[in-house]
Amino acid sequence: MLGILSELQTFSQSFCALSSTSSILTHQPTMSFQHFHPAFKEITGQNPEIKPHLENEYPFAHEAGVYIPSKDQLFITSNLITKNNHQRIQISKIQLNDTKCTQEEIHPDIPMGNGGVNYQDGVLFCSQGTLDRPSSLIYMEIEVPYKCTTILDSFYGRQFNSINDVVIHSDGSIWFTDPIYGFKQGFRPKPELPVQVYRYDPVTKAVRVVADGFGRPNGISFSPDEKVVYVTDTDAVQGDGNIELSRAATIYAFDVVHYHGQPFLTNRRVFAMADNGIPDGIKCDLEGNVYSGCGDGIHVWSPGGVLLGKMLIPGGVANFCFEKPGKILALNETRLWRISLAPSRRGALLGI
């Protein structure tokens, strides 16, 4: 996840949840690039650009941001939409184009979808669940009728809280975060589990807790060599309408080590704290730089945790993804933006 989640809907009138981080801002930035370190120039290139690519009246562009290279398509989830006391999240398929793209609203059986990731030939979505449906990981085929298959829906019988974001390791295992935003926003029952990070092996069906001690574990990403995993903690945004600036708006890093043939997370450390809003969706490029959607756009840190620069977008960025080489698609609630960087810049998730 990172970017900003549906937990933020109570803080905004124009952008629902996304502006909840904006409410922490002291000013509204313009669309530009802010340099804090000379190395940021290697990322932006000579002619960086931020342009709106698609706009809608409701917050359609909030989470997931799963790019399908073979079809030049993007799958996204909306922010929480409330109408006639009914809450829902809309999933959309965006057909991309260099000059104009189109949005198609689709309706797969994914209750309250949030984060997502490329998986096999489709998309693995985080379903936050409802009062009547468990939170789960659901695989969706990307062709009509968008057939869905539940991959995991409990920790050995105990329901997850509201699964938020997910990433796939090269060994095929699925790693995901599980905060309590669904409960705080009234569409999930009282939690049965602590807020934690999990690893699921789809071959052996084993699911393990790999990290705990968070307030609101949110976005998750591996470094390019998969020796480090990054987890964002968005505890500053409680999800019930309260913002607590003394709580975490922090990215934590863990080393991935192996004991008895199994991975464990060790050496937990603060990697970075967002100075503006909360760090939500998180990705790495092939050089190991860390990108996260924050209250004033996308922040970029070196692998050593030094803030290199920002891609400033009014209202902030909930989540984003690398598209073609040198391109990022940023989700900004009612707008989808395309960011042009140095042509050599590629995302570690897909290697493009």
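Predicted model: local features only at pLDDT ≥ 70, side-chain atom pairs only at ≥ 80, totals over all residues.

Me: Good to know. Let's start with the open sheet of five strands: what order do the strands come in?

Reply: The order is E1-E24-E23-E22-E21, and the pairing is antiparallel. At the edges sit strand E1 (32-35) and strand E21 (282-284), each of which pairs on one side only. From one strand to the next, the twist averages 20 degrees.

Me: How many bridges hold E22 and E23 together?

Reply: Five bridges, in the antiparallel sense, between strand E22 (residues 290-294) and strand E23 (residues 297-301). If you want a pair to click on, Ser 292 has His 299 in E23 as its bridge partner.

Me: Switching to charges. How many salt bridges does the structure hold?

Reply: There are 17 salt bridges. One of them joins the side chains of Lys 310 and Asp 275, at 3.0 Å from N to O. That pair links distant parts of the chain, 35 residues apart: Lys 310 is in strand E24 (residues 307-312), while Asp 275 is in the loop between strand E20 (262-273) and E21.

Me: Buried or exposed, for Lys 310 and Asp 275?

Reply: One of each. Lys 310 counts as buried because its relative accessible area is 3%, under the 20% cut-off. Asp 275 counts as exposed because its relative accessible area is 54%, which is over 50%.

Me: Nice. What about Glu 104, which residue does its side chain meet in a salt bridge?

Reply: Lys 93, at 3.7 Å from N to O. Here too the pair links distant parts of the chain, with Glu 104 in strand E8 (residues 102-106) and Lys 93 in strand E7 (residues 91-95), 11 residues apart. Glu 104 is partly exposed at 36% relative accessible area, and Lys 93 is buried at 11%.

Me: And Lys 51? I was wondering about its salt bridge with Glu 49.

Reply: Their side chains meet at 3.6 Å, N to O. Lys 51 is partly exposed, with a relative accessible area of 45%, and Glu 49 is also partly exposed, with 35%.

Me: Which residues are linked in a network of salt bridges?

Reply: Asp 72, Asp 98, Glu 323, Lys 324 and Arg 338 are linked that way.

Me: Let's talk backbone. Which peptide bond is cis, with omega near 15 degrees?

Reply: The one from Val 144 to Pro 145. Pro 145 has its place in the loop between strand E11 (136-140) and strand E12 (148-152). Tyr 146 is found in the loop between E11 and E12 as well, and its phi is near 60 degrees, a positive value in a residue other than glycine.

Me: Why flag those?

Reply: Because most residues other than glycine have a negative phi, and most peptide bonds are trans.

Me: Got it. What is the phi of Asn 84?

Reply: Asn 84 has a positive phi of about 55 degrees, although it is not a glycine. You will find Asn 84 in the loop between E5 and strand E6 (86-88). Asn 84 is exposed, with a relative accessible area of 72%, whereas Tyr 146 is buried, with 7%.

Me: Last topic: how many cavities of 30 Å³ or more are there?

Reply: Two cavities. The largest cavity holds about 140 Å³ of space. It is lined by 16 residues, and the closest to its centre are Lys 283, Cys 321, Phe 322, Leu 349 and Leu 350.

Me: Which elements give two or more residues to the lining of the largest cavity?

Reply: Strand E3 (63-68), strand E9 (113-119), E21 and strand E25 (319-322). E3 gives the most to that lining, with four residues.

Conventions. Residues numbered from 1 in each chain as written. Heavy atoms only, no water. Pairing = 2+ DSSP bridges. Axes fitted to C-alpha atoms, helices over the stretch in contact; angles between N-to-C directions. Salt bridge = Lys/Arg side-chain N within 4 Å of Asp/Glu carboxyl O. Buried < 20%, exposed > 50% of the residue type's maximum accessible area, 1.4 Å probe, protein only. 1 Å grid on protein atoms, 1.4 Å probe; cavity = no way out; pocket = protein on both sides within 12 Å on 5 of 7 lines; lining within 4 Å. Points joined across faces, edges and corners; volume = space filled by probe spheres on them.
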